Amino acid sequence: MVQKTYRVGLKDGKIAIEGVDGFSIAVEDPKLNVGKLYSALFAGIDRPTTISLEPTTELKQDQKARSFFESLKKIVDGACEKMNPGLAEIAVKAEQLDADGSE
């Protein structure tokens, strides 16, 4: 399982994913472009992958931006669940194998 973690912060009044060009959400006029979100985070993924979004301290301190971040995080988490059907079952099996191997 591939794990990708992205930091999300504020830049020039926009919510932006650090290290990712071409995707942002203006805090004052929030509009989500799903195509740009897909290109930024999901394009090119060809195996089970979990994507985590972590807010920067600056983003956490802005109530409005934090609210939009939480919505964005729910969308990304939901997309990961759809992309990785049975992921929870696989994780449980992996834990069981680890437990069996350590005894």
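Predicted model: local features only at pLDDT ≥ 70, side-chain atom pairs only at ≥ 80, totals over all residues.
Strand β1 (residues 2-11) pairs with strand β4 (residues 49-55) in the parallel sense over 7 bridges, whereas its pairing with strand β2 (residues 14-17) is antiparallel and runs over 4 bridges. β1 and β2 form a hairpin with 2 residues between them, and D12 in that turn has a positive phi of about 55°.

| Residue in β1 | Residue opposite | Strand of the opposite residue and its range |
| V2 | T49 | β4, residues 49-55 |
| V8 | I17 | β2, residues 14-17 |
| L10 | I15 | β2, residues 14-17 |

**A residue of β4**

S52 has its place in strand β4, and a polar contact of 2.8 Å joins its side chain to that of Q3. When neighbours within four places in sequence are left aside, S52 is in contact with Q3, K4, T5 and Y6.

**Helices across the sheet**

α3 has 21 residues and reaches 30 Å from its first C-alpha to its last, which is close to the 30 Å expected at 1.5 Å a residue. At the start of α3, a side-chain oxygen of D62 reaches to within 3.1 Å of the backbone nitrogen of K64.

Which residues of α3 are buried, and where do they sit around the axis? The buried residues are A65, F69, L72, V76 and C80, and because they cover an arc of only 80° around the axis, they lie on the same side of α3. An α-helix has 3.6 residues a turn, so residues three or four places apart point the same way. On the other side of α3, Q63, K74, E81 and K82 are exposed. The buried residues of α3 pack against β1, β2, α1, β4 and α2 (57-61).

Technical notes:
Residues numbered from 1 in each chain as written. Heavy atoms only, no water. Pairing = 2+ DSSP bridges. Polar contact = N/O pair within 3.5 Å; in protein donor to acceptor, adjacent residues only side chain to side chain. Contact = heavy atoms within 4.5 Å. Expected span 1.5 Å × (residues − 1). Buried < 20%, exposed > 50% of the residue type's maximum accessible area, 1.4 Å probe, protein only. Arc of directions from axis to C-beta.
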